[in-house]
Amino acid sequence: SFAAAQHAGIQRLQNVHEGLPPSGLKGGSVHLVQGRYEYCHYMQDKFNDDGWGCMYRSYQTVLSWFRLQHYTNKPIQARPRPPLSHVWLAV
């Protein structure tokens with residue numbers, strides 16, 4: 001069961017890991033996050049970020065965790081395309 005969040009008209013899924021069954025991978029382990037987060041993925045927000053969006057959307061997902069835990073109140077930026085050097089430095 002996951003909730004949807006809406007910011008500036010953009011709706012994102014939250015906590016998409018909740019309710020997932022174990023993978024069944026022999027010797028595998030489960031690692032979960034504490035707190036809420038928004039799931040961001042490439043080609044989201046009707047924005048073509050093919051070729052760079054996967055990494056940036058993962059970055060946005062991590063940033064959403066900080067925002068939803070009230071460590072920051074800065075919005076998650078969807079546009080414009082950031083220079084990749086900025087994304088790598090932030091990661």
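This passage walks through the fold, the confidence and a few side chains of one protein chain.

Residues are numbered from 1 along each chain as its sequence is written, and side-chain values use heavy atoms, with hydrogens and water left out.

Confidence comes up before anything else. The mean pLDDT (the predictor's confidence in each residue, from 0 to 100) of the protein chain is 77, and 73% of its residues reach 70 or more. Strand β1 (residues 3–7) has the lowest confidence, with a mean of 59, while β3 has the highest, at 90. Where pLDDT is low, the predicted coordinates should not be read in detail.

As for the fold, the chain has two helices and three strands, taken as DSSP runs numbered from the N terminus (helices are H or I with at least four residues, strands are E with at least two). Going along the sequence, the order is β-β-β-α-α. Contacts, meaning heavy atoms within 4.5 Å, also tell something about the chain: among those between residues at least 6 apart in sequence, 49% join residues at least 24 apart.

Of the 91 residues, 27% count as buried; with a 1.4 Å probe and protein chains only, buried means under 20% relative accessible area, exposed over 50%, and partly exposed in between. The chain exposes about 6,800 Å², and carbon and sulfur atoms supply 58% of that. Such areas come from the Shrake-Rupley method with a 1.4 Å probe, and for residues only the protein chains shown count as cover.

Now for some side chains. Glu38 sits in strand β3 and is buried, because its relative accessible area is 0%. The side chains of Glu38 and Arg67 are joined by a polar contact of 3.1 Å. A polar contact is a pair of N or O atoms within 3.5 Å; within protein, one must be able to donate a hydrogen and the other to accept it, and residues adjacent in sequence count only if both atoms are side-chain atoms.

His17 lies in the loop between β2 (10–14) and β3 (38–39). The His17 side chain makes a polar contact of 2.9 Å with the side chain of Tyr37. Leaving aside residues up to four places away in sequence, His17 touches Leu32, Val33 and Tyr37.

Val62, finally, belongs to helix α1 (residues 53–68). Val62 counts as partly exposed because its relative accessible area is 49%.

Notes:
Predicted model: local features only at pLDDT ≥ 70, side-chain atom pairs only at ≥ 80, totals over all residues.
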